[in-house]
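The report below covers salt bridges, helix packing and strand pairing in one protein model. The sequence and structure come first.

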Amino acid sequence: MSCRNEPAVAARWLVSAFALGGCTGLIGPVSGAETASRPAESARANPAPGVPASGPGTPSGQAGMNPAAPRPALPAADLAPFSGLRRLTVDEYDNAIRDLLGDDTRGGRLLLPDDPRMPFDNDYTNQVGSKALVEGAELLATDTAARLMKDTARRDRLVGCKPASPADEACLRRFVVAFGRRALRRPLTDEEANRFVALRAVGQMAGDFYAGLRAVVEAFLQHPEFLYRAEIGKPVAGQPGLFALGPYEMAARLSFLVWGSVPDDALLDRAAAGTLAGDGVRMAAVRLFEDPRARTRIARFFALWLGYEELKHDPALVAALQAETSALIGRVVFDEHRPWQDLFRLDETFVSDTLAKHYGLPAAGTQARWIKYGATGRRGLLSHGSFLSAGAKAQDTSPTLRGLFVRERLLCQEVPPPPPNVNTDDVILPANGSPCKAERFRAHGVGGCAGCHQLMDPIGFGLENYDRAGRYRTAEAAHPECTIDGRGDLSGVAFKGPAELSDLLLGSGDLNACVTKQLHRFVVGRAHLDMVDRRLIDAIAGRAGKGDVRFDEMLLDMISAPAFAHRREEQ
């Protein structure tokens, strides 16, 4: 075996063992700094946000705060959710490569196993180790390192020093220490740094310093602590099974939640200074929110939650629909610091000429801009083609699937699945032979299927005037003789169209509790919830109340809670 191939093979063996055999006993303590005692968490409640006085330029986390308003205390550490070993998702991997190496090729999408949506892509209980993962990680590491070596300007900026010889130990060590701190999200021990620096022998044999550097980058990108987030922490005295996360673990937990990527040097510096505890956690999170990466991450949360991350339309239309919804989220959450409920209330939308024509709105002009909905019956996110694409079946909409989507995703209600002997693709023709959807779906209203279908179908029919891409229609495309009246029902209350459905959802008072539940799943990387999860969700949702609240404040409350700084051991 040549020295050139040794680091790649060794790195592949490490990640294989980690992926296929688990982490127990493989990596040991994260580092001396990580297991050191950390400052005690403060359980002091933070000031309350009222309905914010929205305004551009108001710092996130500060507008509309009312210190005099009483609020429940933040959940204590004993409500910490359990957590396990979390592999970087494909999106997180690509983000990490971009932020570490300045490489936005996003090759993880092609070479890493796809992440199941539950609805989020970070459910670690589904992250099964595989040969495909090991081989994909190796191919990505070698390809990424090769691209770095070819881009000499980017390479030299990253190294930060000019090597004096092919085996320049000082220059390589400088890179190893700085890069390793960010790639592994903690400082390297001297022993670890020495092992990476020893790869300078590859450069010495090749007569090229950068051959050694390439071997170092390949090894880092296959290191188990790069590919996985192993949160170990320190046992909490008197509370068996409860662990307080170390400062560097907190930095990684924060950055992957808000940015979907590795911590930057400023956040790692806060960890080193011991300021990622108590109110310092909230302060650090506020800074992360001010970075453009937070916009992308929060937009991704909504896209996964509401099912429009991937849409089956023409690519140009998909791009326009996703840009429309991202603009709405950015305006409400980041630009104007509105209550997140305004996602359902805003009476204008961000469209290009193509999308304006698609919706039947006035022309936008040469560039996309905000246009009023007027008297179209549209309002807010439920009017977007991105949302209305949910629940499509074959080439048309499914009132049942749309109703199920509203129940499960927006109200967090569970609708029992159909019996195993029922083929949901069967078309039930009415006795009169009518091809119209309304007539066909009336057959669901009798027999054993009626109970569940009455929870779903009436909601879907209230959105039936909008096709699977969000275009308005008055009749079924396949059967023009079948007119659509667009009347629906949510729990006994009639509505017609997205605007009226939005009003009913807002009036139900259930949206805050549901978004808290979905956000908790996203935070912990786990769809299945236990009683401790539910108590934590109830505490955060109770703190938010049923009225208007800002999304960033809701997330900051989660981050500020002592429970966020701890983990409960899996049973």
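## Salt bridges

D91, D104, R106, D114, R117, D121, R300 and E309 are joined in a network of salt bridges; a salt bridge is a side-chain nitrogen of Lys or Arg within 4 Å of a carboxyl oxygen of Asp or Glu. The model is predicted: local features need pLDDT of at least 70, side-chain atom pairs count only at pLDDT 80 or more, and totals for chains, interfaces and linings use all residues. Residues are numbered from 1 along each chain as its sequence is written, and side-chain values use heavy atoms, with hydrogens and water left out.

In total, the structure holds 48 salt bridges.

| Pair | N to O distance |
|---|---|
| R253 and E231 | 2.5 Å |
| K372 and D347 | 3.3 Å |
| D467 and R471 | 2.8 Å |

The R253 and E231 side chains meet in a salt bridge. R253 belongs to helix α11 (residues 247–258) and E231 to the loop between β4 (228–229) and β5 (234–235), so this pair ties together parts that are 22 residues apart in sequence. Helices (H or I, at least four residues) and strands (E, at least two) are DSSP runs, numbered from the N terminus. R253 and E231 are both buried, where buried means under 20% relative accessible area, exposed over 50% and partly exposed in between (1.4 Å probe, protein chains only).

K372 and D347 also meet through their side chains in a salt bridge. K372 lies in strand β8 (residues 369–372) and D347 in the loop between α15 (315–335) and β7 (348–351), so the pair ties together parts that are 25 residues apart in sequence. D347 has 37% relative accessibility and counts as partly exposed.

In the salt bridge of D467 with R471, D467 counts as buried at 12% relative accessibility, while R471 counts as partly exposed at 37%.

## Helix packing

Helix α4 (residues 131–150) and helix α5 (residues 152–159) pack at an angle of about 100°, and their axes are 5 Å apart. Axes are lines fitted to C-alpha atoms, for helices over the stretch in contact, and angles run from 0 to 180 degrees between N-to-C directions. The angle makes α4 roughly perpendicular to α5; angles under 35 degrees count as roughly parallel, over 145 as roughly antiparallel, 65 to 115 as roughly perpendicular and the rest as oblique. On the α4 side the contact is made by R147, L148, M149 and K150, and on the α5 side by T152, R154, R155 and L158; contact means heavy atoms within 4.5 Å. By class, this contact has 3 nonpolar, 1 polar and 4 charged residues. Ala, Val, Leu, Ile, Met, Phe, Trp, Tyr, Cys and Pro count as nonpolar, Asp, Glu, Lys and Arg as charged, and the others, Gly among them, as polar.

For helix α18 (residues 399–410) and helix α22 (residues 511–524), the axes come within 9 Å and cross at roughly 75°. That makes α18 roughly perpendicular to α22. E408, R409 and L410 of α18 meet L511, C514 and Q518 of α22 in this contact, which divides into 3 nonpolar, 1 polar and 2 charged residues.

## Two buried helix residues

N95 is placed in helix α2 (residues 90–101) and is buried, with a relative accessible area of 5%. Leaving out residues up to four places away in sequence, N95 touches R106, W259, G260 and S261.

E225 sits in helix α10 (residues 224–227) and counts as buried at 10% relative accessibility.

## Strand pairing

An open sheet is formed by 3 strands in the order β5-β6-β13, with antiparallel pairing; two strands pair if DSSP finds at least two bridges between them. β5 and β13 (566–568) stand at the edges with a single partner strand each, so one side of each is left without a neighbour in the sheet. Strand β6 (residues 242–244) pairs with β13 over 3 bridges, and A244 stands opposite H566 in β13.

β11 and strand β12 (residues 493–496) run antiparallel and are joined by 4 bridges, with D489 opposite A494 in β12. The two strands β11 and β12 form a hairpin with 2 residues between them, and S491 in the turn has a positive phi of about 50°.
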